[in-house]
Each structure stands twice: as structure tokens, then as C-alpha cells.
Amino acid sequence: MCSLKLCENVFGSSAGDAIRSALATVAERSFFALVDACDETHFAELAASHEQWLEAAVRFDEPSCAGELSCTLPVALATQLFAAFGGIDPDGPPPESEELFDLIGEFVNMICGAWLTRAAGHQVFRLGGPVVTPRAGAEWMRAAIAAPGLMAAIDDLPFVIELRAGTAPSRTASV
Amino acid sequence: MKPIRILIVDDSATMRRMIRRALELAEVPAEGIFEAGDGLEALRFLEAHAVDVLFTDVNMPVMTGPELLKEIAAAGRWPNLRRVIVSTDGSTSRRDEAAALDVRCYLEKPFSPEVIRDVLAEIV
């Protein structure tokens, strides 16, 4: 596949649908969670009550095409996904930060892998290690809403995915 | 299916837990389920313990999945070890690379417990 065609497949107009499909597959199959479409107004309503957020990003690259997929979600959703994934009582003790970061990193890694396999299944992309960063406050939430991302509701909790094209090398060597 | 000994190799504790849980939900008759955080740790475990089935991730620090599989092939000590790759990368190139490393099955994440049960029924 030529590089122009590859990048068109990865970043082109169909990217949003392909990422949404990958998100639904991962959320439903491994996390028993339902994904719904969500417009800005509904997202703002869902997001308003959450102060603590996590952003998880995975870089992907091959010689001619590179970028980053990032997901932003409230800690409440991350905790809910953790409980669903592990078959743990959601009302039990909260997970350690390290466990939560590992899980959300894998969640994003799976979304990225599933999407790239569909978008460019003939190419081998190198995925960087997931980088998970805590975010806090209303300002962060407003920035998430303003970003040109794909908004969704997972089990009625807000979730944003952003795709950025770029050629910088992966920040870490492996997943 | 007779009880089997399974080694899960992944640098993510979450993924090791996911595979273990899928094995339990699929009611796979396991004599033991063991874990390693990278290829080198897995190799050391294999040198000291009997294992029937190996599930390995691709990208890991210290020693990657393909590097581990090459070491296993070169050693020639484990001809009956069934090798399964578990990865988010389902590209055809990656699958071809796995086939050349004597991998019996390539599992694409995410997967359901039923898939893991079917895979084991086929290869064990």
C-alpha cells in the first residue's frame, strides 16, 4: 500500500466511523459496556458533574504514517470499566491508581489496535506504550468539549476520542 | 480435554488478568495458570517448569513475544509446547510473522471466553 493511500485510510473521512466501531467492539466485548453516540450538549450535561478525569494516549507509527489516538474519560467511568472488566463489585473498595492506569492504557491500546487493523490491516504499525495522565477541573472538561474529538457516552458516562496526525517517534518502546 | 498447564506472558497485569479470567469463564480444565511479565521471565519459567500452552503478547520490554518464540524454537527443548499470540495488532504481516514462528493460533484482542475455549479445543 502506498503511503498516501495508507494515510488516507488512517486519517481520512471514514476514520470517525472506524474508530467508533472499534470502541464499541472493545467496550462491549471485554468491558460489557454500552456505547452510545453523544452530541456536544449531551456530553456537557454528562460531563458537568465530573471533576477528576484521565487522558490515555497511544502513539502509532510505521515509516510513512504516524499519529496518536487519545481517550479522555472521568475517573468514575474508568473505575466502572475496571469493575466490569474484573468482575468486581462496583461498590467495593476503589482500585489503586496504578491498576486503573494500567487498565485504561490497555483499553485505549485495544481500541487503537482494533481500529488500525480495520483501517490498514496490511501494514504493521508500531504502537507506543500507553501514557495515562490525570486531568482535573472544569477547565479541562471545557477543553475536552472544544477539541475536535469523537464524543460518546459509555454506560451514560462521557468519553472523548481524539486522533492526531504526526510524525514524532513513539515516546516509549513497547506496550 | 485433559487438564493443562498454561503460561500467560504479558507486561500488563490487566491483560494477564483478562486472559486468566477468560480461561476461567471458558471453564478450561487447567492444572495451573502461571504468569510472566516479559519474554525473558517466561523463558526462565519454561526452563524450570512443564507448560502445555503459552499465551504471549507481542510488544513487551526486555524480550518481546517474537524474540521469545525465536528463543524457544532455537532451543528445541519444547516441541510439544503450543504457542498462541495474543495481540491488538491483527495485521496480516504480523500474522504471517507469527506463522513462521511455529505459532498455532493468533488471538486478536479483545476476544471472548468462547473464542479462547475454541482455540484450546483445537490445539490441545
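At the start of helix H2 of chain B, a side-chain oxygen of B:Asp38 comes to within 2.9 Å of the backbone nitrogen of B:Leu40. The model is predicted.

Follow H2(B) onward. The helix covers residues 39–48 of chain B. Its buried residues are B:Gly39, B:Ala42, B:Leu43, B:Phe45 and B:Leu46. Viewed down the axis of H2(B), these buried residues fall within an arc of 160°, so they line one face of the helix. An α-helix has 3.6 residues a turn, so residues three or four places apart point the same way.

What do the buried residues of H2(B) pack against? Their partners are strand E1 (4–9), strand E2 (30–36) and helix H3 (65–75), which belong to chain B. The face of H2(B) turned away from the buried side carries the exposed residues B:Arg44 and B:Ala48.

Next, look at a pair of helices in chain B. Helix H1 spans residues 13–25 and helix H5 spans residues 113–123. Their axes come within 8 Å and cross at roughly 75°. An angle of 65 to 115 degrees counts as roughly perpendicular, and H1(B) and H5(B) are therefore roughly perpendicular to each other. From H1(B), the contact is made by B:Ile19, B:Ala22, B:Leu23 and B:Leu25. H5(B) brings B:Pro113, B:Ile116 and B:Leu120. By class, the contact has seven nonpolar residues, with no polar and no charged ones.

Now turn to chain A. This chain has six helices and seven strands. Read from the N terminus, its elements run α-α-β-α-β-β-α-α-β-β-α-β-β. Of the 175 residues in chain A, 53% are buried. Take the contacts in chain A with a separation of 6 or more: 76% of them join residues 24 or more positions apart.

A:Ser30 sits in helix H2 of chain A, residues 15–31. Is A:Ser30 buried or exposed? Its relative accessibility is 5%. Buried means under 20%, so A:Ser30 counts as buried. Which residues does A:Ser30 touch, leaving out those up to four places away in sequence? In chain A, they are A:Thr25, A:Phe85 and A:Met110. In chain B, they are B:Met18, B:Pro110 and B:Phe111.

Methods
Residues numbered from 1 in each chain as written. Chains lettered and ligands numbered in written order. Predicted model: local features only at pLDDT ≥ 70, side-chain atom pairs only at ≥ 80, totals over all residues. Heavy atoms only, no water. Buried < 20%, exposed > 50% of the residue type's maximum accessible area, 1.4 Å probe, protein only. Helix = DSSP H or I, 4+ residues; strand = E, 2+ residues; numbered from the N terminus. Arc of directions from axis to C-beta. Contact = heavy atoms within 4.5 Å. Polar contact = N/O pair within 3.5 Å; in protein donor to acceptor, adjacent residues only side chain to side chain. Axes fitted to C-alpha atoms, helices over the stretch in contact; angles between N-to-C directions. Parallel < 35°, antiparallel > 145°, perpendicular 65-115°, else oblique. Nonpolar A, V, L, I, M, F, W, Y, C, P; charged D, E, K, R; others polar.
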